[in-house]
Amino acid sequence: MTAGSAEERAPVLVLGLGNPILGDDGVGLELLQAFQSLRGTDPRVEYLDGGTQGIALLAALSGRRALLVLDAMALGGQPGDVHVIDELQPGSDNRGLAAHEANAGELLAVAALSGDLPETRMMVGVEPEWLKTREGLSECVKKAMPAALEAAGIALDSLLDED
């Protein structure tokens, strides 16, 4: 589905973030692609590769009821740990990484100020092993993909149950 006016948009946005040339920072984009393939199309859901666009993604949040962010999350765990944040807060450093122009917390803070903040926000991510110039994911992050996809499925189902 492509982005249209707020009235035409799917109520739930699944947003993948990351930079694929920084190793494990690309896990959000890998998760997005695999998750979209697993889930297929649903008129209630739009999948968007946000890459490293940061604040430029603000318009994509407009008119959404819910947001699910998929990304690398350096929260001090073991590489490959899957993290789920059930109540993603604006302005908080939920991501713990500075590889993007702006992290998810900063994007949400601007969305709150502009009136574009989705009511419900969740995040699923994987603890990275490396964040350096290198294409491809580390083995421990690759091994975490099935668990991260399962967590994303549970999160999306809970967001869709709110309809």
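Me: With which side chain does the side chain of histidine 83 make a polar contact?

Reply: A polar contact is a pair of N or O atoms within 3.5 Å; within protein, one atom must be able to donate a hydrogen and the other to accept it, and residues adjacent in sequence count only if both atoms are side-chain atoms. Here the partner is the side chain of glutamate 127, at 2.7 Å. Please keep in mind that this is a predicted model, in which local features need pLDDT of at least 70 and side-chain atom pairs count only at pLDDT 80 or more, while totals for chains, interfaces and linings use all residues. Residues are numbered from 1 along each chain as its sequence is written, and side-chain values use heavy atoms, with hydrogens and water left out.

Me: How many helices and strands does the protein chain have?

Reply: Helices (H or I, at least four residues) and strands (E, at least two) are DSSP runs, numbered from the N terminus. By that reading the protein chain has 4 helices and 5 strands, and from the N terminus on its elements follow the order β-α-β-α-β-β-α-β-α.

Me: Is histidine 83 buried or exposed, and in which strand does it lie?

Reply: Buried means under 20% relative accessible area and exposed means over 50%, with partly exposed in between (1.4 Å probe, protein chains only). Histidine 83 lies in strand E4, residues 82–85, and it counts as buried because its relative accessibility is 15%. In E4, His83 and Ile85 form the covered face, whereas Val82 and Val84 form the uncovered one. For the protein chain as a whole, 51% of its 163 residues count as buried.

Me: Which residues does histidine 83 touch?

Reply: Contact means heavy atoms within 4.5 Å. Not counting residues up to four places away in sequence, histidine 83 touches Met73, Leu75, Met123, Val124, Gly125 and Glu127. Across the protein chain, residues 24 or more positions apart account for 78% of the contacts with a separation of 6 or more.

Me: In which sense do E4 and E5 pair?

Reply: Two strands pair if DSSP finds at least two bridges between them. E4 and E5 pair in the antiparallel sense over 4 bridges, and the bridge partner of isoleucine 85 in E5 is methionine 123. Strand E1 (residues 12–17), by contrast, pairs with E2 in the parallel sense over 6 bridges, with leucine 17 standing opposite glycine 51 in E2.

Me: Which elements make the β-α-β unit with E1?

Reply: A crossover is right-handed if, with the strands pointing away from the viewer, the path from the first strand over the helix to the second runs clockwise. E1, helix H1 (residues 27–39) and E2 make such a right-handed β-α-β unit. Strand E2, residues 45–51, is mostly covered, with 5 of its 7 residues buried. In E1, where valine 14 lies, this residue is buried with a relative accessible area of 0%. Apart from residues up to four places away in sequence, valine 14 has contacts that include Leu32, Phe35, Leu48 and Leu156.

Me: What distance does H1 reach from its first C-alpha to its last?

Reply: The expected span of a helix is 1.5 Å times one less than its number of residues. H1 has 13 residues and reaches 18 Å, close to the 18 Å expected. After H1 comes glycine 40, whose phi is positive, near 70°.

Me: Which residues of H1 are buried?

Reply: An α-helix has 3.6 residues a turn, so residues three or four places apart point the same way. The buried residues of H1 are Val27, Gly28, Leu29, Leu31, Leu32 and Phe35, and what covers them includes E1, E2, E3, E5 and H4.

Me: Where in H4 does a kink lie?

Reply: The bend at a residue is the angle between axes fitted to the seven residues ending there and the seven starting there. In H4 a kink of about 40° lies at methionine 145, shortly before proline 146. Helix H4 (residues 139–161) has 23 residues and reaches 34 Å from its first C-alpha to its last, close to the 33 Å expected.

Me: Where does leucine 137 lie?

Reply: Leucine 137 lies in the loop between E5 and H4, and its relative accessible area of 11% makes it buried. Its C-alpha atom is separated by 7.2 Å from that of glycine 26, although the two are 111 residues apart along the chain. Leaving aside neighbours within four places in sequence, leucine 137 is in contact with residues including Gly26, Trp130 and Met145.
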